[in-house]
Amino acid sequence: MKITKHLLYYVLFFISTLGYTQSSILIKNAQVWDGLSDTVQPNTSVLIQDNLIVAVGPSIRAPRGAQIIDARGKTLIPGLSDAHVHLALTEGMQKIRGEAHWMYTALRAGISAEHFLQLGFTTVRDLGGPVFGLKKAIDEGLVPGPRIYPSGAFISQTSGHGDSRNPNEPNPYWTGNSLHPIDALGWAFVVDGRTEVLKAARENLRQGATQLKVMAGGGIDSEFDPIHSVQFTPDELRAAVEAAEDWDTYVAVHIYNSEGAIRALEAGVKCLDHGHLLNEVAIKLIKEKQAWLVPQAYWIDAPADFWAPGQDRIPPETLKKVNIVLEGTQKQMDLAKKYNLKLGFGSDAYGGLGLESLALTEFTARQKWYTPVEILRQATSGNAELFALSGKTNPYQQGTLGVIQAGAYADLLLYDGNPLENLSVVADPKKFLKLIIKDGKIYKDEL
């Protein structure tokens with residue numbers, strides 16, 4: 001009996017001091033969209049303690065010392081996520097290789113990360129680039145930015161989409177020359193054969209990759225590989241998949257064409273990024289394999305300067321590839337809708353600082369095929385399901401991502417307007433986004 005009384009005493013003592021031992025925020029009088037439902041729940045409160053949501057309901061009592069935020073009927077949704085970014089790639093690859101100091105590039109990456117956070121993206125999947133240090137700095141609260149699921153170095157075959165050597169730069173594996181400093185810093189591993197692919201995959205995993213990024217076909221902003229090219233043999237792709245699976249994670253591939261997509265899927269790849277030239281056979285195989293597709297529908301609506309040749313994004317000699325890719329976008333999205341594919345929300349909005357805002361145009365572009373709530377799910381709870389493919393490698397397992405419910409990470413956005421009715425609310429954060437909370441900390445408050 002004494003033990004029971006003592007336990008009761010300590011429980012009551014803990015509860016009575018909860019407001020002092022933990023950082024608490026109570027958001028009240030909000031329209032809450034939980035990331036899953038079809039509608040908002042009016043007059044709802046959300047209680048945050050430290051970095052987690054602990055209660056959601058119509059009437060929640062604030063702990064002592066809690067900060068109270070009156071939403072005044074505005075709409076609260078989970079933090080957005082972008083499944084395809086390159087935070088370190090804020091200039092053209094040739095400029096990074098030829099001129100930029102690594103610390104200058106790193107500082108620009110930090111600014112890009114903060115830009116994404118201020119747009120409402122509280123989580124991103126970085127699909128290539130040396131961002132492990134940036135992820136650590138953000139997680140430690142040293143710099144503002146979204147959570148990062150990093151891939152590390154691009155894994156490319158010789159002459160593949162990640163082979164960024166200039167025409168006069170020798171192949172170090174043939175000549176014995178040292179690696180280019182940029183490659184040594186972990187921008188790309190240019191490898192051939194099963195053994196080399198395994199080494200590249202395992203090195204990325206050693207550095208902290210949560211998934212692997214493999215180039216399975218030609219790209220736009222690379223000079224030597226045509227869009228139609230299929231890259232890596234089936235055995236090489238299987239080697240990457242096997243290395244990832246041994247770490248309980250997965251492989252995402254860069255691919256536009258159907259041949260490369262089918263080869264990757266048959267090798268066990270779980271996520272295809274881009275896919276603008278996929279035919280019905282490839283789309284049906286994605287559905288059969290229950291894999292993910294991460295397209296960029298907004299590319300066909302992007303402003304002219306997005307595709308303008310220059311050092312920040314696209315070399316002039318590769319600009320002709322753009323039209324080839326864009327021609328297939330309508331058909332790709334039609335098929336994705338027809339077969340109800342698992343669609344991740346990813347923008348690939350990289351290049352000069354400030355281009356991050358183009359990620360928001362993906363919301364309005366997808367309305368040709370999906371309703372606002374479907375698109376918002378793709379960018380919240382849907383992407384969270386994709387990120388969870390990283391299994392035990394997932395660095396964010398304390399809470400749930402992409403939803404507003406007890407036990408979820410406290411990543412929240414408050415809009416003056418209802419994005420379920422009008423997605424332009426999300427596309428214009430300067431006007432409509434009034435509150436950003438990520439990991440229980442306030443990064444914007446204009447209430």
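What follows is a chat about some helices and strands of a predicted model.

Visitor: Before we start, what should I know about the numbering and the model?

Guide: Residues are numbered from 1 along each chain as its sequence is written, and side-chain values use heavy atoms, with hydrogens and water left out. The model is predicted, and local features need pLDDT of at least 70, side-chain atom pairs count only at pLDDT 80 or more, and totals for chains, interfaces and linings use all residues.

Visitor: OK, at what angle do helix 10 and helix 11 pack?

Guide: Helix 10 (residues 258–267) and helix 11 (residues 280–289) pack at an angle of about 20°, and their axes are 9 Å apart. That makes helix 10 roughly parallel to helix 11, where angles under 35 degrees count as roughly parallel, over 145 as roughly antiparallel, 65 to 115 as roughly perpendicular and the rest as oblique. Helices here are DSSP runs of H or I with at least four residues, strands are runs of E with at least two, and both are numbered from the N terminus. Axes are lines fitted to C-alpha atoms, for helices over the stretch in contact, and angles run from 0 to 180 degrees between N-to-C directions.

Visitor: And which residues of helix 10 and helix 11 meet?

Guide: On the helix 10 side they are Ser258, Ile262, Leu265 and Glu266, and on the helix 11 side Val281, Ala282, Leu285, Ile286 and Lys289; contact means heavy atoms within 4.5 Å. By class, this contact of helix 10 with helix 11 has 6 nonpolar, 1 polar and 2 charged residues, where Ala, Val, Leu, Ile, Met, Phe, Trp, Tyr, Cys and Pro count as nonpolar, Asp, Glu, Lys and Arg as charged, and the others, Gly among them, as polar.

Visitor: How does helix 9 cross helix 10?

Guide: The axes of helix 9 (residues 234–246) and helix 10 come within 9 Å and cross at roughly 50°. That makes helix 9 oblique to helix 10. Pro234, Leu237, Arg238 and Val241 in helix 9 meet Arg263, Ala264 and Ala267 in helix 10, a contact with 5 nonpolar, no polar and 2 charged residues.

Visitor: Where is alanine 244, then?

Guide: Alanine 244 lies in helix 9.

Visitor: Is alanine 244 buried or exposed?

Guide: Alanine 244 is buried, with a relative accessible area of 1%; buried means under 20% relative accessible area, exposed over 50% and partly exposed in between, with a 1.4 Å probe and protein chains only. Leaving aside neighbours within four places in sequence, alanine 244 is in contact with Leu205, Leu212, Thr249, Tyr250 and Val251. Alanine 244 and leucine 212 are 32 residues apart in sequence, yet 7.0 Å apart in space, C-alpha to C-alpha.

Visitor: Which way do the residues of strand 11 point?

Guide: From strand 11 (residues 212–215), Leu212 and Val214 point one way and Lys213 and Met215 the other way, and all are buried. Strand 11 pairs with strand 12 (residues 251–257) in the parallel sense over 4 bridges, and two strands pair if DSSP finds at least two bridges between them. Lysine 213 stands opposite alanine 252 in strand 12.
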